[in-house]
Structures are given as structure tokens and as C-alpha cells.
Amino acid sequence: MRMRTIEISVGGFVLAGVIGLVFLAVQVSGVGELGERTSYTIQARFDDVAGLRERARVSMAGVTVGRVRGIDVDMQWGDAIVTLEIMGEPGNLTIDTGAKILTDGVVGARYVGLLPGSDEETLGPGDEIVETQGALVLENLIGEFLTNIGK
Amino acid sequence: MDNLIEIKNLTFFRGERMIFDNMSLDVPRGKVTAIMGPSGTGKTTLLRIIGGQLKPDDGVVLVNGKDLCQMSHDELQAFRRNLGMLFQSSALFTDLSVFENVAFPMRVHTNLSEELIRDLVLMKLNAVGLRGARDLAPSELSGGMARRVALARAIALDPDLMMYDEPFTGQDPIAMGMLVDLIRQLNGALGITSLLVSHDIHETVSIADQIYIIAEGKVIGAGSPEELRAGSTPMVKQFMHGDRDGPVPFHYPADDLAFDLLGEG
Amino acid sequence: MSDLLRSIGVRFLDFLSALGRASLLWYRAMAGLPRWGDVALVVKQIYNVGFMSLIIIVLSAFSIGAVLSLQFYTQLARFGAQDATGVGLALVLLRELGPVVTALLFAGRAGSALTAEIGLMKTTEQLSIMEMMGVDPLRRIIAPRIWAGLISLPLLTAIFSMVAVYGGVVVAVNWLGADPGGFWSGMQDGVELWEDLGKGMVKSLVFALLVTWVAVFQGYDAPPTAEGMSMATTQTVVISSVLVLATDFLLTLVFYGDF
């Protein structure tokens, strides 16, 4: 009888541990939130992506619609190519959609914001967003500001 | 004569101190052999050597004619399965009940059914008069009771050889009488070979077939109780009669008392 | 001077011989895979080391999570970055505090108990009589306890981190009024499965190995006296805590040090 109590307690303990792991994986790491649904990837060129990380949010009107999947540099043009994974079927973004690198608060994480366009044509898998605006780098802004004052 | 255990020219050191000095003795099969001697002569050490827990520095221990030190791990384990040992401290498993303590050897070494184990355990506990204490924890037992449970555990698998380390110390007179009877019975009814280490002369003499007296690492007297009581050498005589003065030293080896007291000043 | 050198030398040799004995103990207990019959023994030990540590783990986790969350939130709010509370909390817990604090609590709660139990079994000759019965005490007593430690500590760590995150949510969201959406999505954006959770669990497994090994060895190697036992119990907590902290630093360098 006593052994049975022990077995039940240990069973409960192991179950709690496994629930803990699953919770940490799903709720905290956010695994599986994208995997289930269909998605496709598009690309965007930015002149500067300072501070943007893989897995950063892609949002439209403040709603998360995808993730950053890859950040590469194009040595020839000296700009950055960002691969974006967009949830849903291809065809939900127009071809003149704009992309902008934004910041959560003043010091928060960088993310990609999409600005809706009005064209009839839509972006397919592997297409590239043309209208982009890179990250605002504070040092550059201050530098420009100072030179403007000097004029 | 058929000997279960033969010890030949055993030498054993504990650190710098010599415990056994080229000592030989035999344990005949089916008999009760007692080893007696003053405290600190390594009687317990001898039992541990026979059990294979300590290795002799020199000499051999033969079990059924086989050298204990040459045995493979499996052979040694097989020998130990047929060995019942009663330590001076009862060494009961504190996390198990009395019942489970006695059942322990059966559970690890046999595949007996639960009902059979239950019957056997109750029989063994009944033999030591503690059938009613089966559900107690070892911490609830007195020292004497714990020793009897340990005895029940030692005989759980009906061993060929029983070794008792000071079984009589700390027992009340009734339990003592029961123990003496039990050891005798185990030996007579089941033909168990018994090796007994003790310094309780009275009880030992009453059950032993053969007695060895050891002191200072050597056998100083051997024979049946009657032969020893007749007492040939002064050392044997001193021990058998419990005289304080005699050739067997009462003190642990030391310098002269006067020298010690004055010298350090 | 030569006395000093000699005592250092002697200490070093003592250390080497203890390390040798500990390794032998480990080898002889864990050589060969566990047999099916040992499962019941391991289950019983998981009860002793794991289940019995749950209360202290859950209580500590909740308060540590709450405190962390409070500090993160109030400091980050000064820069308007309070949405980063979730990710900060989760990263600190998964990477460092979860494994380390759980291991330290485990050493104090379960490690010392293991040492005392094994030491007492040795002192009262329970291990010796077992050997005389033809049962290997290392396989029967030591091995199940090591397995139980290796299984229990990572599970306790997972429970610790989960409860601590919950404690953080209670403080940041329910009490300080952080936006739950920002809290969770910030957390999910910044936390990665292998990089953060996985490596934290690897740390926890390494700590489990260290703490149970130290605890079991201290008990097995303790001199059979009251003094020796109390010394061994203290040593278990001290040595395993220092080992956990030092190893954590090394593992953090290996896992997250970019060079």
C-alpha cells in the first residue's frame, strides 16, 4: 500500500516535470505557433538592419504576421537581404507592400513592420519587397543633426 | 575429517599492527566451532576474511577446498549466498520493516511467490520468537530484539555456513537460553556448519563441539570443551577461568606505567 | 616554508586520492546498464530525492520569479521598454537561474539527505552485511540514488522555471498591469528552443551528475563516527554548491561566450 503511494507521487512528479518542459517549449519558447499553419517566404533589401535578429517579429498594423528567417549581406550592393516568413497562403500581400525596420519602445527589440500597398498584383514566394526603409541608427541621426545645425 | 573451511598460515596486518601471525585453523562440516579470545584479538576480522571482505596478507583460506582469493566474482557471490552472517551490531536495513528485512535475501536471491515468502518469513520470525513484531520498524526494536531479527534474516535462505559474531552479548537471560538452543538446533536439525566468535565462556562451552582460543595472532589452544577445561597451558587456563593475572596481557601493548607517568612529567 | 609546501603537497595528494576513490565508486556503481528489477528501487529514490524536494522548489521558484519580474518591469519601464520584461525573465530563468538555483536547493535538500542516509547505512554496517549476503551494495544502494538524481534534477528544473515564469506573470501582468500580449509575444520572440531551453537543460543534467556524485561519495567515504557524518553532510552542500557555480560559469562560456 505504501509502495503504491510512492509510485503515484513519483508518477505525478514526473508528469509535472514533463508538463513544465512542454510549457517552457510551447508557451515560453513559442515553438509550434507557426509550424502548424501554412506559410511562404519573401525577401526584402534594406540599406541597414542594425539590431535586427533572426526570429524577430514581422508585423502589419501591430499584428504579428510572420518572422524573420534569415539575414544575409549582399557584398556587391552593400546592403542586407532579409528573408521573411509570412503566415498564410501566398497572395495576401500586394506587390507594392513596404517594409520598415522599427523598434519596440526606445531601447526595445527591432522588428519588421509591413505597410500595406494598393496594387492589384500580389507577392509570391521568393519575391522581393522594393519599398524598404532601414533601421534608424541613432548615431547617424545625431551626426546629421549636428551637421545641419552647423550650416 | 571433512572441513568446510580450512585456514592455512594466515597472516594479516591492520596498518602496522599484526593481527594474525601465521595462524591455521579448520572449521569441520556440520559442527559448531567456536573461536574465543580476549577482545581486540581480531575475531571479527577473521569472520570478515572468511566472508571475503578482507584479503589476507599471506596464507590461504580454503572453502570446500577452493582458495577464496582465487575465486571469481560470481563464485564468491555464490558462496556468500550460502553464508549466513550475524554481526555484532544487528545491521538491520533501517528503511525496511522487520518483515521486509527477513524477506530481503529471499527477494534478491530467489523467485519465490509472495505467499511462499510470507510463510517462510513468518516461520523464521517465529523461530526467534518475534513473529508478532513483523510490522515494526527496526528503530522500534531493542538491541536484543534487533539481533534476533538479524538472526532470522541470516537463516532466511537456510545457509550451509552460519557465522555468529558475539551473539550472546546484550541478551537477557531468557533470550540467551533461546539463542543457545536455536544455534544448537540449526546445527543439529539442518546440519548447518556454525562458526561462533565469542568471549562468553559459559554459553560457548555449552554449545561448541570444538573451540579455538586465539591470542596475539596465534592459536594458543584448541580442542573440545572438555579438553580445554582440563587446561594444559597457563594461557588457556587463565582464559578459561577468567583470571586477570596471567600470561595473557590485560593491557593494550604500552610502555611501563611508571615510565609513562614519570617520563612525560 | 618547506612545511607549507609539504602541507600543500599532502593536501593535493589527499585530493587526488579522494578523486580516485570517487571515480572508482562511480565506475563500480554505474558499470553495466540498470536491470529491470532496479526500476522499483529507482522509483523509490525519485520519491525521496525528487518528490520530497518539490515544495521547496515550487515556493522558491514562485518568489524568485515574482522578484525578478518586479525588478525587470520597474527598471525597464523607465525606458518605456516594459514589454521586454517577459523575455528578460524567461532568458535569465532558462539559461542561468533555473538550473543553478534548482541545483543549489537540490544540494541542500536532497544531497545532504543522501549523504546522511548512506553514511548511516555504512556506520551501522548495513552495507557490509549486504555485501556478505552476496548483494553488491554499490549496485543496490548507490546506483539507484545516482539514477534518481539524474532524472529528478532536470525535472525539478523544468518545474522551477515554469513556476517562476508564472510568478513573473502574476507580478507583471496581474499586479503591475503589463500588457499580457506584449509580455508573451516578447518572450516568444526572444526565446529559442535549443539555444535557451535546451542548453539550460544540459546544464541541469551536468549539475545533477555533480551533486549526486558528491553526495553519494561523501556518504560512502565518511568516517563512521558522528563527527565524520556531520562533516560529510556539510561538505556535500559546500562542495556541490561551489562545483555547481564554477561549472555554470564554464558552461556559460562554452554555450554563450562568443569567441
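## An aromatic pair in chain C

C:Phe62 is partly exposed, at a relative accessible area of 34%. The residue belongs to a predicted model. Its ring partner is C:Tyr166, and the aromatic pair is tilted. The centres lie 6.1 Å apart, with 50° between the planes.

C:Tyr166 counts as exposed, with 51% relative accessibility. C:Phe62 sits in helix H3 (residues 54-77) of chain C, and C:Tyr166 in helix H6 (residues 137-175) of chain C, so the pair ties together parts 104 residues apart in sequence. Over all chains, the structure holds 7 aromatic pairs.

## Chain C as a whole

Chain C has 9 helices and 0 strands. From the N terminus on, its elements read α-α-α-α-α-α-α-α-α. The C-alpha trace spans about 70 × 55 × 35 Å along its principal axes. Of the 259 residues in chain C, 52% are buried. Take the contacts in chain C between residues at least 6 apart in sequence: 84% of them join residues at least 24 apart.

Neighbours within four places in sequence aside, C:Asp248 is in contact with C:Glu96, C:Val100, C:Lys203 and C:Phe207. C:Asp14 is 234 residues away from C:Asp248 along the chain, and their C-alpha atoms are separated by 26 Å.

## Chain A against chain C

The area buried between them is about 2700 Å², and carbon and sulfur atoms give 74% of it. A:Phe13, A:Leu24 and A:Val28 supply 25% of the area that chain A buries against chain C, more than any other three residues.

## Chain B against chain C

Between chain B and chain C, 22 residues of chain B are in contact with 15 residues of chain C. The buried area is about 1800 Å², of which carbon and sulfur atoms give 56%. This interface has 2 salt bridges. One joins the side chains of B:Asp95 and C:Lys44, at 4.0 Å, N to O.

H3(B) gives the most, with 4 residues. The side of chain B that touches chain C divides into 11 nonpolar, 6 polar and 5 charged residues. Chain A and chain B do not touch, and their nearest C-alpha atoms are 12 Å apart.

## Salt bridges within chains

Side chains of opposite charge can pair when their charged atoms come close. How many salt bridges are there over all chains? A search of the whole structure finds 22. One of them joins the side chains of A:Arg45 and A:Glu128, at 3.2 Å, N to O. A:Arg45 lies in strand E1 (residues 39-46) of chain A and A:Glu128 in strand E7 (residues 128-129) of chain A, so this pair ties together parts 83 residues apart in sequence. A:Arg45 is partly exposed at 24% relative accessible area; A:Glu128 is partly exposed at 35%. A:Arg45, A:Asp74, A:Asp79 and A:Glu128 are linked in a network of salt bridges.

A:Glu85 and A:Arg69 form another salt bridge, their closest N and O atoms being 2.3 Å apart. A:Glu85 lies in strand E4 (residues 79-87) of chain A and A:Arg69 in strand E3 (residues 63-74) of chain A, so the pair ties together parts 16 residues apart in sequence. A:Glu85 is buried at 13% relative accessible area, whereas A:Arg69 is partly exposed at 33%. In chain B, the side chains of B:Arg107 and B:Glu100 meet in a salt bridge at 2.8 Å, N to O.

How values were computed:
Residues are numbered from 1 along each chain as its sequence is written. Chains are lettered from A and ligands numbered from 1 in the order in which they are written. This is a predicted model: local features need pLDDT of at least 70, side-chain atom pairs count only at pLDDT 80 or more; totals for chains, interfaces and linings use all residues. Side-chain values use heavy atoms; hydrogens and water are left out. Buried area is the accessible area (1.4 Å probe) that two parts lose on being put together, summed over both. Contact means heavy atoms within 4.5 Å. Helices (H or I, at least four residues) and strands (E, at least two) are DSSP runs, numbered from the N terminus. Ala, Val, Leu, Ile, Met, Phe, Trp, Tyr, Cys and Pro count as nonpolar, Asp, Glu, Lys and Arg as charged, and the others, Gly among them, as polar. Rings of Phe, Tyr and Trp (its six-membered ring) pair if their centres lie within 6.5 Å; planes under 30 degrees apart count as stacked, over 60 as edge-to-face and the rest as tilted. Buried means under 20% relative accessible area, exposed over 50%, partly exposed in between (1.4 Å probe, protein chains only).
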